[in-house]
Amino acid sequence: MSDSVYASWNPWHGCTRISPGCKYCYVYRQDEKFGIGDASRQCRKNASFHLPIEKKRNGSYKIPSGKIVFTCFTSDFLLEDADPWRLECWKMIRSRSDCLFYFFTKRIDRLEKCLPPDWGDGYENVMIGCTVENQDRADFRLPIFRELPICHRSIIAAPLLEQIDISPYLDSSIEEVSASGESGLEARPCHYEWILDLRRQCVEKEIPFCFHQTGARFMKDGKLYRIPRRFQISQAAKAGIDYRIGKNGIPETAGFPIVSMEEEPEQVQFSL
Ligand code: SF4
């Protein structure tokens, strides 16, 4: 996955655990690693809150045109604590129709309450990934997700904690399914059969599938592998099982336009 298409925007930091996939949340792990564990528990606005509309001295936007902007990756964009700030974010997103804003959420059941008045059938420049980690959460979240007005949607099966059947929820409105194991010292193992089974479900419906990362503990052919963080994405890529994923990790069927890049990207730090 080349960085050149991507940027990141983190309007707030900190989150509240909500489901089994949150148990070893990477936000908490990172903050603890840097000795600021309390920072994760309380949601706070970041200094970069207005980044999408910030400009450089030469008048150009700090986030150049055409980027896929990973949004709110050390929190959940639909977190209740952030309700007072979100409308301003929607306005910024609306004004940057030249970028695609992409956020993942474990709170898709809150989306309707969180939408701006002019959302209509969805903003064309917003992609939403509904995260599911086990069958129970898939069966709760995906029926809700399917009914919501969203222009671009993906399913994020991460951290994958068991074999899941999402086939009832796969249709042509899903632009991608991405699967990953869990990272971190205490990671729960991810089994390769679970990944292959998800891939099979996607291939049957011709939906793009990406094996994004192995996680830290990966079971294959009855053997448990411990995989250092820096190899988790590359090892997944080596499996060579992505389906209908094109250049820069973008699904072949992506319904959003990517325009040409003029500048080097912001540093992207993106982890599940
Ligand atoms: S950031 Fe995501 S994984 Fe972490 S607590 Fe929030 S919803 Fe859970």
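Let's start at Asn-125, which is found in the loop between α4 (111-114) and β6 (126-132). Helices and strands here are DSSP runs, H or I of at least four residues for helices and E of at least two for strands, numbered from the N terminus. A word on the source: this is a predicted model, where local features need pLDDT of at least 70, side-chain atom pairs count only at pLDDT 80 or more, and totals for chains, interfaces and linings use all residues. Residues are numbered from 1 along each chain as its sequence is written.

Back to Asn-125. Is Asn-125 buried or exposed? Asn-125 is buried, because 20 other C-beta atoms lie within 10 Å. The rule: a residue with 20 or more other C-beta atoms within 10 Å of its own is buried, one with 12 or fewer is exposed, anything in between is partly exposed, and the C-beta atoms are placed from the backbone. Which residues does Asn-125 touch? Leaving out residues up to four places away in sequence, they are Ile-93, Ser-97, Cys-99, Leu-100 and Phe-101. Contact means that the C-beta atoms of two residues, placed from the backbone, lie within 7 Å. Take Phe-101. Asn-125 and Phe-101 are 24 residues apart in sequence, yet 6.1 Å apart in space, C-alpha to C-alpha.

Leu-148 is found between α5 (135-147) and β7 (152-157). Leu-148 is partly exposed, because 16 other C-beta atoms lie within 10 Å. Leu-148 touches Leu-111 and Glu-112, again not counting residues up to four places away in sequence. From Leu-148 to Glu-112 the chain runs 36 residues, and their C-alpha atoms are separated by 7.6 Å.

Next, the overall picture. The chain has 7 helices and 12 strands. Along the principal axes, the C-alpha trace spans about 55 × 45 × 35 Å. Of the 272 residues, 39% are buried. Among contacts with a separation of 6 or more, 77% come from residues 24 or more positions apart.

How confident is the predictor? The average pLDDT is 92, and 92% of the residues score at least 70. Over residues 258-272 the pLDDT is below 50, and that stretch has 36 contacts in the model beyond near neighbours in sequence. pLDDT is the predictor's confidence in each residue, from 0 to 100.

On to the strands. Two strands pair if DSSP finds at least two bridges between them. Strand β1 (residues 6-9) pairs with β4 in the parallel sense over 4 bridges. Within that pairing, Trp-9 stands opposite Thr-71 in β4. β4 also runs parallel to strand β5 (residues 100-105), joined by 3 bridges. There, Phe-70 stands opposite Tyr-102 in β5.

There is also an open sheet of 3 strands, in the order β9-β11-β12, with mixed pairing. The edge strands are β9 (190-191) and β12 (223-226), and each pairs on one side only. β9 and strand β11 (residues 217-220) pair in the parallel sense over 2 bridges. His-191 stands opposite Met-219 in β11.

Cys-72 has a positive phi of about 65° although it is not a glycine. Cys-72 is buried, because 26 other C-beta atoms lie within 10 Å. Arg-244 is another non-glycine residue with a positive phi, near 60°. Where is Arg-244? In the segment after α7 (232-238). Arg-244 counts as partly exposed, because it has 16 C-beta neighbours inside 10 Å. Then a cis peptide bond: it joins Ala-158 and Pro-159, with omega about -15°. Pro-159 is found in the loop between β7 and β8 (174-180).

Last, the ligand. Which residues surround the ligand? Cys-15, Arg-17, Ile-18, Gly-21, Cys-22, Cys-25, Val-27, Ser-75, Asp-76 and Lys-106. A residue counts as near a molecule or strand if its C-beta atom, placed from the backbone, lies within 6 Å of it. The shell divides into 5 nonpolar, 2 polar and 3 charged residues. In that scheme Ala, Val, Leu, Ile, Met, Phe, Trp, Tyr, Cys and Pro are nonpolar, Asp, Glu, Lys and Arg are charged, and the others, Gly among them, are polar.
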